Amino acid sequence: MRSARQLLRQALGSVHLYVSRTPPDTLGTYLSQLFQRLNINCVLDVGAHFGEYGRFLRGIGFAGLIISVEPVEASFERLSREAHGDGHWAVHHLALGSRDGVGEMNVTEGSDFTSFLSPNAYSTSEFPGSSRVVRREQVPLQRLDHFFADRMGGLANPRVYLKLDTQGYDLEVLRGAEGCLDRIVALQSEVSVKPIYHGQPSLTEALGHLGQLGFEVGGLYPVTRDHAGRVVEFDCVALRAGEHGHEPPSEAPATA
């Protein structure tokens, strides 16, 4: 007797569809496989906010070192509580950029809109409450490669995945990474289809810069849509050219 799956495949075959056990190409699915293939042993989480990305990483099975960086004091306090008790999750209270020094953050009503950049007219129209600047905060600022040299010394053969979520400031962070780019095997950056900050790079500028640094796009995953249903930002995962790693072990085929 044929199984239900076989009957469904036969029915769908007439409309040229195929039933597969392959999971959908979500960011989590892609990264869980990518981390295995590239032997990622450390994630540098820049713009950690409340620790949402760290929780996401643990949820997809990443057990390696997470180093989270968050400049805003109130957000850092929540991040610290989130990471407490996880011996492989370190947190640091500062911002990363292209220089060492001090920077001024525009802290917004919706804390996930906080940025060194100022919200533009599109942002205040589409996200009127969340993007409103309520105060400015002086934060410590350090070049990424200087931070890398200070913090990665104890990790043997670091193979780093760099996650950037700095609200329009990602390219500035990368401009401060000249001394450590060779240890970053893949990265994730928010790229903007419809910029929401003054001076924010466009999608083509961001992708062009990644290409100039030797990274190739592995996937684009929508982050935010506006009220008309248009994509505002993508999470762009990019791999260093020539980094192929090894294929993760495949699951045994299921029997019907």
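**Close-up views of a sheet and its helices**

**View A. Helix α2 passes helix α3 in a right-handed crossing.** In this predicted model, the axes of α2 and helix α3 (residues 52-59) come within 10 Å and cross at roughly 65°. Since angles of 65 to 115 degrees count as roughly perpendicular, α2 is therefore roughly perpendicular to α3.

**View B. Residues of α2 and α3 meet at the helix contact.** From α2, Leu27, Gly28, Leu31 and Phe35 take part, and they meet Tyr53, Phe56 and Leu57 of α3. Classified by residue type, the contact of α2 with α3 comprises 6 nonpolar residues and 1 polar residue, with no charged residues.

**View C. An open sheet is formed by 7 strands with mixed pairing.** The strand order is β3-β2-β1-β7-β8-β10-β9. At the edges are β3 (89-92) and β9 (215-225), each of which pairs on one side only. From one strand to the next, the twist averages 15°.

**View D. Strands β7 and β8 run parallel.** Strand β7 (residues 160-164) is joined to strand β8 (residues 184-192) by 5 bridges. Val160 has Ile184 as its bridge partner in β8.

**View E. Helices α2 and α4 in relation to the sheet.** Helix α2 (residues 27-37) lies across β1 (42-46), β7, β8, β9 and β10 (231-240). Relative to β10, α2 runs at about 10°. Helix α4 (residues 73-83) packs on the sheet and touches β2 (65-69) and β3. The direction of α4 makes about 165° with that of β3.

Definitions and conventions: Residues numbered from 1 in each chain as written. Predicted model: local features only at pLDDT ≥ 70, side-chain atom pairs only at ≥ 80, totals over all residues. Heavy atoms only, no water. Pairing = 2+ DSSP bridges. Helix = DSSP H or I, 4+ residues; strand = E, 2+ residues; numbered from the N terminus. Axes fitted to C-alpha atoms, helices over the stretch in contact; angles between N-to-C directions. Contact = heavy atoms within 4.5 Å. Parallel < 35°, antiparallel > 145°, perpendicular 65-115°, else oblique. Left-handed = near helix turned anticlockwise from the far one by under 90°. Nonpolar A, V, L, I, M, F, W, Y, C, P; charged D, E, K, R; others polar.
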